Amino acid sequence: MKRNGIEKIEDLLCYQEKDFSQFRHIQHGRLDEIKNAVHAVGFIFPDEDISILMEPEHFLEQDISTLGLPLNPLKALRNAGIYTVGELLSYSSNDLRKLPFIDYTNLQIIKNAVHAKGERFWDEDEFFLYDRVQNIQIEILLMNQRKIKKHYRN
């Protein structure tokens with residue numbers, strides 16, 4: 001990416017999807033990885049609709065790495081055969097706790113990552129989560145919009 005003058009996320013977000021075809025080292029599969037990583041941190045490309053961040057079907061098919069988990073809980077989930085967000089959410093938080101290497105701390109990290117994306121485990125109270133998630137999503141979207149507007153003004 002640095003060969004193409006992309007060093008920061010602001011540089012990356014200036015391009016539209018069609019612009020990536022000019023870069024020699026980015027094939028279609030790699031572009032999907034880049035888009036998933038950008039979406040995972042709450043950003044979108046200029047030619048994308050913001051609703052892409054809110055599509056539950058798309059989110060459930062994503063790799064668990066898009067949750068931004070640290071290495072230990074990520075490896076523990078993968079070793080247990082959990083690779084997508086949908087597979088992760090099919091477990092209860094109690095079932096996850098029983099998996100090898102998922103201690104209380106790792107479980108809380110996983111739950112926080114899932115909550116930050118607006119989801120919950122099926123054994124959690126949805127009303128507790130609703131207000132918290134709504135506030136987090138609004139804060140992330142506003143922060144990202146301010147960063148993008150500031151970048152375009154410069």
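Predicted model: local features only at pLDDT ≥ 70, side-chain atom pairs only at ≥ 80, totals over all residues.
Author: A residue counts as buried when its relative accessible area is under 20%.

Reader: Is Leu 77 buried or exposed?

Author: Leu 77 is buried, because its relative accessibility is 0%. This residue is found in helix 4, which covers residues 71-79.

Reader: Which residues does Leu 77 touch, not counting those up to four places away in sequence?

Author: Leu 77 touches Ile 64, Leu 69, Ile 82, Leu 88, Leu 96, Ile 102 and Ile 110. Take Ile 102: 25 residues separate it from Leu 77 in sequence, yet the C-alpha atoms are 8.2 Å apart in space.

Reader: How should I read such a group of contacts?

Author: In soluble globular proteins, nonpolar side chains tend to be buried together. In this model the largest nonpolar core has 19 residues, and Leu 67, Leu 77, Leu 88, Leu 96 and Ile 110 touch the most other members.

Reader: Which elements give two or more residues to this core?

Author: They are helix 4, helix 5 (85-89) and helix 7. Helix 7 gives the most, with 4 residues. Another core, of 11 residues, lies apart from this one; Tyr 15, Phe 20, Ile 34 and Val 38 are among its members.

Reader: Where does Phe 101 lie, and is Phe 101 buried or exposed?

Author: Phe 101 lies in the loop between helix 6 (93-97) and helix 7 (104-116). Phe 101 is exposed, because its relative accessible area is 69% and the cut-off for exposed is over 50%. Its phi is positive, about 70°, although Phe 101 is not a glycine.

Key:
Residues numbered from 1 in each chain as written. Heavy atoms only, no water. Buried < 20%, exposed > 50% of the residue type's maximum accessible area, 1.4 Å probe, protein only. Contact = heavy atoms within 4.5 Å. Core = buried A, V, L, I, M, F, W, Y, C linked by side-chain atoms within 4.5 Å.
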